[in-house]
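Visitor: I would like to learn how to read the features of a structure. Please show it to me and go through the terms as they come up.

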Amino acid sequence: YYGEPPVGGLEVIGTYGQFDLCGFPKAASLWYRMQWLYGVPDGPDKPFRTDGGHEVHLVESWESPDAFPSTVGQKTRAVHAYSSAPKVELLVNGKSKGVLPVTRMVDGPGSYAEWTKVEWESGIITVIARDAAGKPVANTSRRTNSATASIALTLDAPSSLTGTGNSLLLDGQDAALVRASILDAAGHVKHLA
């Protein structure tokens, strides 16, 4: 689903939907994945196995509030995390900013963790998904990027991670999806590029 175009424009696509025009997942598709697919038992009708595991996704990048026109001059950022685990902890440069509950949408409100006023400082933010006992079960991080330095091209499909196979058939009929990533000087992906 690519979404509706904005009203009054001549565009044929919109910013709504779960995937961009290249087929890459937007944050909302990951929310659906964690809310529904992780709650479905593994079986022949499930597109991928989760084996009772958990996943966590950071929605935002970790750039200065001055990088965004709507937050120039502010000292804090909002941070959102989607997870299939019941708790999520946020760390900024290794310091905890608290553990928040995450509730499956079918069980009530609170289907993602939201820290609304996180003091911004350059470095790394990490979210740790925790099970009901508080044990870490998944994590992910984002870092403040330096200046743009290069572009990296990687093969996104076929990929065993996406269920699209492991190789291309060189018959003139097969196709590949190539991902172009903008990297900073340290080789880290710039999430806003």
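Guide: Accessible areas come from the Shrake-Rupley method with a 1.4 Å probe, and for residues only the protein chains shown count as cover. Here the protein chain exposes about 11,900 Å², and carbon and sulfur atoms supply 57% of it. This is a predicted model, in which local features need pLDDT of at least 70 and side-chain atom pairs count only at pLDDT 80 or more, while totals for chains, interfaces and linings use all residues. Residues are numbered from 1 along each chain as its sequence is written, and side-chain values use heavy atoms, with hydrogens and water left out.

Visitor: How many helices and strands are in the protein chain?

Guide: Helices (H or I, at least four residues) and strands (E, at least two) are DSSP runs, numbered from the N terminus. The protein chain has one helix and nine strands, and from the N terminus on the elements run α-β-β-β-β-β-β-β-β-β. The C-alpha trace spans about 55 × 40 × 40 Å along its principal axes.

Visitor: What percentage of the residues of the protein chain count as buried?

Guide: Buried means under 20% relative accessible area, exposed means over 50%, and partly exposed lies in between (1.4 Å probe, protein chains only). Of the 193 residues, 31% count as buried. Glycine 17, in the segment before H1, is buried, with a relative accessible area of 13%. Arginine 179, in strand S9 (residues 177-184), is partly exposed at 30%.

Visitor: Which residues does arginine 179 touch?

Guide: Contact means heavy atoms within 4.5 Å. Not counting residues up to four places away in sequence, arginine 179 touches Phe24, Ala152, Leu153, Thr154 and Asp156. For the protein chain, among contacts between residues at least 6 apart in sequence, 51% join residues at least 24 apart.

Visitor: How do I read strand pairing?

Guide: Strands of a sheet pair through backbone hydrogen bonds, either parallel or antiparallel. Two strands pair if DSSP finds at least two bridges between them. In this model three strands form an open sheet in the order S1-S2-S5, with antiparallel pairing. S1 and S5 stand at the edges, each with a single partner strand, so one side of each is left without a neighbour in the sheet. S2 and S5 pair over five bridges, and valine 79 stands opposite tryptophan 115 in S5.

Visitor: Where does helix H1 lie?

Guide: For its angle, axes are lines fitted to C-alpha atoms, for helices over the stretch in contact, and angles run from 0 to 180 degrees between N-to-C directions. Helix H1 (residues 27-35) lies across S1 and S2, running at about 45 degrees to S2. An α-helix has 3.6 residues a turn, so residues three or four places apart point the same way. In H1, Ser29, Leu30, Trp31, Met34 and Gln35 are buried, and the buried residues of H1 pack against S1 and S2.

Visitor: Which strands does S6 pair with?

Guide: Six bridges join S3 to S6 in the antiparallel sense, and valine 88 has alanine 129 in S6 as its bridge partner. S6 and S7 form a hairpin with five residues between them, and glycine 134 in the turn has a positive phi of about 95 degrees.

Visitor: Why is S6 described as largely enclosed by the rest of the structure?

Guide: Six of the seven residues of S6 are buried, so S6 is largely enclosed.

Visitor: How many residues has the largest nonpolar core?

Guide: A nonpolar core is a set of buried Ala, Val, Leu, Ile, Met, Phe, Trp, Tyr and Cys residues joined through side-chain atoms within 4.5 Å. The largest one has 17 residues, and those with the most contacts inside it are Val79, Val88, Leu90, Trp115, Val118, Ile125 and Val127. Strand S1 (56-58), strand S2 (76-83), strand S3 (87-92), strand S5 (113-119) and strand S6 (124-130) each give two or more residues to this core. A second, separate core of five residues includes Leu30, Trp31, Met34 and Tyr82.

Visitor: What does the side chain of threonine 71 reach?

Guide: Threonine 71 lies in the loop between S1 and S2. Its side chain reaches the backbone oxygen of proline 65 at 2.6 Å. Threonine 71 also touches Asp66.

Key
Polar contact = N/O pair within 3.5 Å; in protein donor to acceptor, adjacent residues only side chain to side chain.
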